[in-house]
Amino acid sequence: MNSVPPASTNASANSTMNLSTGGDLKALASHYNSQGELKLGLSSTPLLKMIDGYERPFYLYDLKGLRARAKIYAQHTRSAKSFFAIKANANREILKVLREEGLGCDVVSGGELEVALNAGFKADEIVFSGVGKTLAEVKLAFQKGIHQINAESVPELVRLQKVASSQPAGAQMRVALRYNPDVNVHTHKYISTGLKENKFGMADEELSEALALFQNGQLPNLTFVGLSMHLGSQILDVSSVRDGVKRLVQKSVELRSQFSTVDIIDIGGGIGIDYRSDSYQAELTLLKIYEDILTTEIPSSFKAEAEPGRILVARSGVLISQVQYIKIRNDRTFVVLDAGMNHLMRPALYQAVHRVLPLQKRSSSVRRYDIVGPICESTDVFARDFEMSEVVEGDFVALMDAGAYGRSMSSGYNQHHLPEEKFLAD
Ligand code: LLP
């Protein structure tokens with residue numbers, strides 16, 4: 001259940017748009033004020049002010065910072081139409097900000113399609129990706145008349161055509177083919193998607209088969225609009241993205257000579273952030289390289305599309321949790337939180353790092369802790385040997401950079417409540 005967010009204020013977000021120095025991203029970083037209170041970016045509210053009536057862990061979002069980040073992202077991707085991958089965060093207020101900032105939506109299920117429409121995205125701003133679209137989901141996409149379906153296999157194309165032909169006469173769907181270029185982007189293997197061994201997209205042979213269906217007139221209700229790809233997530237090595245885009249562009253240029261309808265190149269999402277620190281430099285560098293890839297590799301005769309997720313929302317959310325126990329065993333000190341892998345699954349699933357920061361610093365003394373949750377699984381560990389200012393039972397901490405794939409991947413395991421979502425007042 002969402003609480004009501006404060007009214008959005010654009011003015012201060014706009015005033016930080018100094019892209020030449022990167023100072024704008026710096027202004028958005030989390031930091032401690034002179035009283036040792038943790039704050040997020042542009043918000044003047046210490047996070048500690050948000051825990052009145054605390055009952056259990058909750059996600060806390062900074063919509064002002066989100067808006068500012070969306071603007072920064074937009075400035076670096078002017079030449080592409082971007083569709084926010086709502087699997088990263090489907091919170092209605094977050095979607096509202098991103099819609100207002102001009103993004104469309106990338107959905108991967110009928111549920112996400114409904115959420116996007118309910119959040120006010122128009123059908124013609126929605127792309128439907130995913131390797132396993134069911135018959136019901138395909139029908140829904142046709143009924144709603146979405147912008148584009150990114151098809152991932154030959155059998156999917158056959159299904160799309162079947163559904164299209166049963167629609168009122170003349171139903172036509174824009175379809176991009178998701179290409180699997182077999183490019184290694186050196187990310188965690190569970191979030192790498194552009195290798196041949198991954199289930200995603202079509203490798204060269206499948207692509208040829210799919211193209212033959214179009215050529216032979218077997219897909220009369222589908223308009224082949226181009227190729228898409230998504231190489232993986234949390235990509236920090238952007239040079240491999242350039243390799244992937246080059247392959248995509250080369251293929252697209254070849255295809256255009258056979259298919260006059262080909263006009264888009266969808267490069268997917270994947271830009272990572274530096275979870276180990278607040279440093280804006282890595283993000284800024286990545287965004288600049290990304291911008292360069294968009295402008296130099298994609299011919300202007302094509303319409304570029306992108307599907308960002310994490311880069312927009314990760315830094316704009318934290319998971320607030322309370323220290324339950326300090327448990328000491330020989331040389332280890334466990335900080336047992338009330339938040340666990342059910343609230344934030346990324347560390348358990350991908351050995352992901354999320355910094356854990358006390359909402360109020362007690363002193364400048366630093367300890368080494370194993371920070372763990374209450375769940376009955378040994379993977380329920382947020383950080384090992386983590387250096388943090390001292391905490392005691394009852395203190396509150398923030399698991400940082402949890403705005404992407406945090407709440408959206410949470411579960412009720414061990415019959416815990418799903419975390420609520422709240423918003424920072426100014
Ligand atoms: N487009 C497609 C087709 C995708 O499958 C994804 C993410 C995106 C775009 C957005 O990727 P992003 O810009 O957020 O990297 N749960 C994992 C990430 C899984 C990403 C799945 N697909 C995590 O927490 O790191």
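## Note on the predicted chain

1. Tyr 61 is found in strand E3 (residues 58-61). Helices (H or I, at least four residues) and strands (E, at least two) are DSSP runs, numbered from the N terminus. The model is predicted: local features need pLDDT of at least 70, side-chain atom pairs count only at pLDDT 80 or more, and totals for chains, interfaces and linings use all residues. Residues are numbered from 1 along each chain as its sequence is written, and side-chain values use heavy atoms, with hydrogens and water left out.

2. Tyr 61 is buried, with a relative accessible area of 1%. Buried means under 20% relative accessible area, exposed over 50%, and partly exposed in between (1.4 Å probe, protein chains only). Neighbours within four places in sequence aside, the contacts of Tyr 61 include Asn 89, Asn 91, Ile 94, Ser 316 and Gly 317. Also among them are Gly 403, Arg 407, Glu 421, Lys 422, Phe 423 and Leu 424. Contact means heavy atoms within 4.5 Å. Tyr 61 and Ala 425 are 364 residues apart along the chain, yet their C-alpha atoms are separated by 9.5 Å.

3. Now the whole chain. Its secondary structure comes to twelve helices and 18 strands. The radius of gyration is 22 Å, close to the 22 Å that the globule rule gives for 426 residues, so the chain is as compact as a globular protein of that length. That radius is taken over C-alpha atoms; the rule is 2.2 Å times the number of residues to the power 0.38. The C-alpha trace spans about 70 × 45 × 40 Å along its principal axes.

4. Of the 426 residues, 59% count as buried. Take the contacts in the chain with a separation of 6 or more: residues 24 or more positions apart account for 71% of them. The chain exposes about 17,600 Å², and carbon and sulfur atoms supply 50% of that area. Accessible areas come from the Shrake-Rupley method with a 1.4 Å probe; for residues, only the protein chains shown count as cover.

5. Strand E17 (residues 396-399) is covered on both faces. Phe 396 and Ala 398 are buried on one side, Val 397 and Leu 399 on the other. Strand E12 (residues 317-329) runs antiparallel to E17, joined by four bridges. In that pairing, Leu 319 stands opposite Leu 399. Strand E14 (residues 356-358) also pairs with E17 in the antiparallel sense, over three bridges. Here Pro 358 stands opposite Val 397. Two strands pair if DSSP finds at least two bridges between them.

6. Helix H6 (residues 135-144) has Glu 137, Val 138, Leu 140, Ala 141 and Phe 142 as its buried residues. They pack against helices H5 (110-118) and H7 (154-165). The strands they pack against are E6 (126-128), E7 (148-151), E8 (173-178) and E9 (222-228). Gly 145 follows H6, with a positive phi near 70°.

7. Most residues other than glycine have a negative phi. Gln 234 has a positive phi of about 50°, and so does Gln 351. Gln 234 lies in the loop between E9 and helix H9 (238-256). Gln 351 lies in the loop between helix H12 (346-350) and E14. Gln 351, at 58%, counts as exposed.
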